[in-house]
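The following paragraphs lead through one structure, a few residues and elements at a time. Please keep the sequence and the model open while reading.

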Amino acid sequence: MAETDKDDLISIIEDDGLEEEIPKTLPLMPVRDVVIFTDMLLPLFVGREKSVRAVEEAVSKTRFLLVATQTEPGIENPKETDIYTVGTVCKILRMLKLPDGRVKALVQGIAKAKIKKYVRKRSLFRVSIEILEEEPMEQLDLETKALMRIIREHSEKILALRGELTGDVSAILDSIDDPGKLADLVASNLKLKIDEAQQLLELINPIERLRKVNDLIAKELELSAMQAKIQSDVKDEISKSQRDYFLREQVRAIHRELGELDDKGKEVQEYKVKIKKARMSKEANQEAFKQLKRLEQMHPDSAESGVVRSYLDWLVEMPWQKLTKDMIDIVKAKEVLDKDHFGLDKIKDRILEYLSVRKLNKKTKGPILCFVGPPGVGKTSLGQAIAKAMKRKFTRVSLGGIRDEAEIRGHRRTYVGALPGRILQGLKQCGTKNPVFILDEIDKVGSDFRGDPSSALLEALDPEQNNAFSDHYLNLPFDLSNVMFILTANMVDTIPSALLDRMEILTLSGYTEEEKLVIAEKHLLSRQIKENGLRKKHLSLSSGALKDIIKGYTSEAGLRNLERELGSLCRKVARKIAEGEKKPFNITRANLHRYLGVRKFYPEMDQEESQVGLSTGLAWTQVGGEVLYVEASLIGGKGELIVTGQLGEVMQESARAALSYARANLKRFDISEEALENIDVHIHVPAGAIPKDGPSAGIAMATALISALSGKPVDKNVAMTGEITLRGRVLPIGGLKEKALGALRAGINTIIIPEKNKMDLVDIPNHVKKKIRFIQVRQMEQVLEIACGMGKHENTGS
């Protein structure tokens, strides 16, 4: 290549021997994402105003312009600092103006040039250039020839991997003897980054450029080989899948011609029949056929098809329209309830009321009942009896310890192993949409980061909303309005108020000794005889012995321990029979201890005599009513109050209120005013290992304290319950029936109660009121008169 200088032109000689004259100043066109090498032919779409003007000016004059690459492709209006200083002088071979204002130009690289100076910048870039010459090589050494051969071979391999190698391409590569031109040709066809291509362009020495291209093409060959391998693997997999698909379609077509259905066709047909038989709602029917269509198009062994099958199985097996016919014969329903359960008149009346309304109004919604009571009083078995009386199916779900909202609402189908919630699972198991549904232990539902199950229950237990209950798994509305929900709990304190508002609370307080005796004779004993393989002729249990078991071997509100003791008794007899004894076993009070051991409870012996500073209170716990002994002791000190026995904050405040009342009324009870100055008061409530709290022990604490101060004993046969104020008023309490039953089990015959609890005496059975005298009081002075014989009181009624 030769160059001759004239005034404003640079002359270069092309490979064909023709001389080209290039002006010293040229329009500059910046390009974004391409580097143009010499002899490279490239179409360019030009849209920026400065670039369009540069092309137009070049076409109107010498058709030459300088093309240089931007350092950052994202810059819309580059400045001179944003453009590389080395570019390529190009000749515009063709130009076409497009309708949208852009220009399409076909350009060819002529020579490398360096920007010396920007002559013009506003309307377009015009620069002064310096042509970069390459050193001519007259003869190639052995290393250069080897490099050129390696580059040709690598180029052919890359093109072969891409499927683009032809004989013409190989001929072109073999025809190039100039190292620089070979390097430029190969570089222009490699997918190089902008900075790598620009570095090659700026290398003037052809041998150095050739070495650089050799390094780059070696990397590209490795990449192309790996790409070809991946594509080959994918193609093989696709080909296998297509082959399997075509074969399956051919088999399906053969089955159709023979009038047979393949396994998949049979499955789809079976689902269609099941969907029609299920009589789903309109939304569910549409969703079922939509999912069935998806299943039909899926590969039978795909993971997604298993998910769709499970979903369709749940849809077709749900009882969308299946109902059991209620027995509306009120008399027969009452007979069934009375046969299975003794007592519980209020709850039986509520069930019969519901059936009566149902008889008059077929569309009435199911009630949401909540049975609250101690363990073992028959809450769950009562639900079974209700289902039997109404001739409905029965299902039960225990909610104790549940912390995940998905247990109620179900998991979304995107999760592996997703299932509907417990409610819909229970309905599917029982097969009808109107069962008696027991939700056990509603007071023991928890919550954590996975959600709040009690909040999820709000919709299910609201008669105004549960006709369209939405489960996350089905994601379809399901009607729960015909379900008779019955919830059970030991206490209502831990049930959220919003959930409690949706329930009708029915309290089961526990059983008296007479009720336990009847239930044991009618139900428990015969059941244990049967379960232990005995017959009625093998065992006879006297009423006296049964009473002794109730009083001396159990102390509970319910019946579980009583049934356990009867079971233990039957097992002892069963062993004797298994060992060869054949005589009938008559168990009486005299020989009861031989079977059950020594007596476990002596409630009437807890206080052998009335004592100073010891009063009897009454507590209401999760297991029913119990007696609570309060001890007060005076010790030398500085007038401080010591409270022990794991008492909660409410009971500690009651103790402080009792002490303040005693300090304020020492004179009234003939106690020295200096009695509390040099002594500490210690109030203790056994047993110390059991936490206690509640607002009803105030008068018991005050009685024990004043008894200790005055030296007058508290009557051992008198129990009391009620809160105290600083002025000595006795405030009302809750759980009177449970406390009365607990006092009866402990042998108490007199109970002091607040006057405002008078109305609660209606709920207490008559046989209990015959054994216990209830005294109503308004002031603390009345309590002390009854319990300790201090002062006088007015007639308070009993």
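Met 226 lies in helix H6, which covers residues 206-257. Helices here are DSSP runs of H or I with at least four residues, strands are runs of E with at least two, and both are numbered from the N terminus. Met 226 is partly exposed, with a relative accessible area of 47%. On this scale buried means under 20% relative accessible area, exposed means over 50%, and partly exposed is in between, using a 1.4 Å probe and protein chains only. Leu 161 is 65 residues away from Met 226 along the chain, and the C-alpha atoms of the two are separated by 9.8 Å.

Some ground rules apply to everything that follows. This is a predicted model, in which local features need pLDDT of at least 70 and side-chain atom pairs count only at pLDDT 80 or more, while totals for chains, interfaces and linings use all residues. Residues are numbered from 1 along each chain as its sequence is written, and side-chain values use heavy atoms, with hydrogens and water left out.

Next come two buried residues. Thr 432 sits in the loop between helix H14 (422-430) and strand S12 (436-440). Its relative accessibility is 4%, so Thr 432 counts as buried. Contact means heavy atoms within 4.5 Å. Apart from neighbours within four places in sequence, Thr 432 has contacts with Pro 319, Lys 322, Thr 324, Lys 393 and Leu 427.

Strand S9 (residues 125-131) shows how strands pair. Two strands pair if DSSP finds at least two bridges between them. S9 pairs with strand S4 (residues 25-31) in the antiparallel sense over four bridges, and Leu 28 has Phe 125 of S9 as its bridge partner. S9 also pairs with strand S8 (residues 103-120), in the antiparallel sense over six bridges. Here Arg 120 has Arg 126 in S9 as its bridge partner. S8 and S9 form a hairpin, with four residues between them. How much of S9 is covered? Six of its seven residues are buried, so the strand is mostly covered by the cut-off of under 20%. In a regular strand the side chains alternate between the two faces of the sheet.

Arg 126 leads on to the salt bridges, as Glu 57, Lys 61 and Arg 126 are linked in a network of them. A salt bridge is a side-chain nitrogen of Lys or Arg within 4 Å of a carboxyl oxygen of Asp or Glu. The structure holds 31 salt bridges. One of them joins Arg 589 to Asp 548, with the closest N and O atoms 3.5 Å apart. Arg 589 lies in the loop between strand S18 (585-587) and helix H20 (592-596), and Asp 548 lies in helix H18 (residues 543-553), so the pair ties together parts that are 41 residues apart in sequence. Asp 548 is buried, with a relative accessible area of 17%.

Another salt bridge is formed by the side chains of Glu 565 and Lys 600, at 2.8 Å from N to O. This pair links distant parts of the chain, 35 residues apart: Glu 565 is in helix H19, and Lys 600 is in the loop between H20 and strand S19 (611-612). Glu 565 is buried, at a relative accessible area of 11%, whereas Lys 600 is partly exposed at 49%.

The last stop is the second largest pocket. A pocket is found on a 1 Å grid over the protein atoms alone, as an open set of points where a 1.4 Å probe fits, with protein on both sides within 12 Å along at least five of seven lines; lining residues have an atom within 4 Å of a point. The second largest pocket has about 640 Å³ of space, a volume being the space filled by probe spheres set on the points. Its lining has 26 residues, and His 341, Val 377, Gly 378, Ser 381 and Arg 527 lie nearest its centre. Helices H12 (379-390), H17 (513-531) and H19 (560-578) each supply at least two lining residues, and H12 gives the most, with six.
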